[in-house]
Amino acid sequence: MSNDFYTSSILPYAAIIIKICRAYTNTQQDFEDYYQEVCLQIWKSRNNFQARSEWSTWVYRLSLNVSMTLLKKQKNKRQRIASDKLPSDISEEPRVFIDDSLEQLYAAIRQLSQVDRGVILLYLEEKTYQEIADIIGTNPNNIGVRIKRIKVRLKKILDGKIN
């Protein structure tokens with residue numbers, strides 16, 4: 001991957017890529033693997049960008065799709081483990097951010113479905129319902145309803161009413 005491409009086409013979106021990868025991982029090592037894979041896939045797929053949307057929309061969509069695909073692969077791999085109990089290092093929280101309240105929020109976000117994680121992350125990035133709908137592949141009304149439900153669920157999780 002050339003430095004110019006990374007600097008001009010990935011680095012400006014690194015914050016959202018980091019947030020997406022963090023929401024789909026439980027360990028620092030997984031986070032780093034996801035981030036690297038997202039960047040690699042952006043680079044590999046750059047010639048497939050057809051400018052039907054903004055570059056940022058395409059990067060967000062690709063980041064979400066790569067993260068969800070990796071999570072599915074990881075879940076399938078874990079199901080093959082003979083033991084019911086996962087090693088303790090798999091469940092450790094990544095330390096990408098130090099703030100405890102932010103850690104709690106990410107832990108709550110990780111309890112959401114894969115699609116809901118993506119929706120709330122984009123909402124937290126202050127994307128409009130239309131932009132989120134374009135990235136997720138649905139309509140803005142659906143996004144509005146979904147965000148309201150996600151907020152209620154997150155509140156319950158953070159208040160300790162849901163495990």
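Start by selecting C21 and showing its sulfur: the closest cysteine sulfur, in C39, is 7.5 Å away, too far for a bond. A disulfide here means a pair of cysteine sulfur atoms within 2.5 Å, and the structure holds zero of them. Before you move on, note that this is a predicted model, where local features need pLDDT of at least 70, side-chain atom pairs count only at pLDDT 80 or more, and totals for chains, interfaces and linings use all residues. Residues are numbered from 1 along each chain as its sequence is written, and side-chain values use heavy atoms, with hydrogens and water left out.

Stay on C21 for a moment. Its relative accessible area is 0%, so C21 is buried (buried is under 20% relative accessible area, exposed over 50%, partly exposed in between, with a 1.4 Å probe and protein chains only). C39 is buried too, at 5%.

Now select T25. You'll find T25 in the loop between α2 (14–23) and α3 (28–45); helices are DSSP runs of H or I with at least four residues, strands are runs of E with at least two, and both are numbered from the N terminus. With a relative accessible area of 1%, T25 is buried. Draw a distance from its side chain back to C21: a polar atom of the T25 side chain lies 3.0 Å from the backbone oxygen of C21.

Color D30, F31, Y34, Y35, V38, C39, I42 and S45, the buried residues of α3. Look down the axis and they fall within an arc of 165 degrees, so they line one face of the helix; the arc is that of the directions from the helix axis to the C-beta atoms.

Jump to E103, in helix α6 (residues 100–109). E103 is buried, at a relative accessible area of 6%. Show R22 as well: a polar contact of 2.5 Å joins the two side chains, E103 and R22 (a polar contact is a pair of N or O atoms within 3.5 Å; within protein, one must be able to donate a hydrogen and the other to accept it, and residues adjacent in sequence count only if both atoms are side-chain atoms).

Last stop: helix α8 (residues 129–136), whose buried residues are I132, A133 and I135. They cover an arc of only 165 degrees around the axis, which puts them on the same side of α8. Just after α8, click G137, which takes a positive phi of about 95 degrees.
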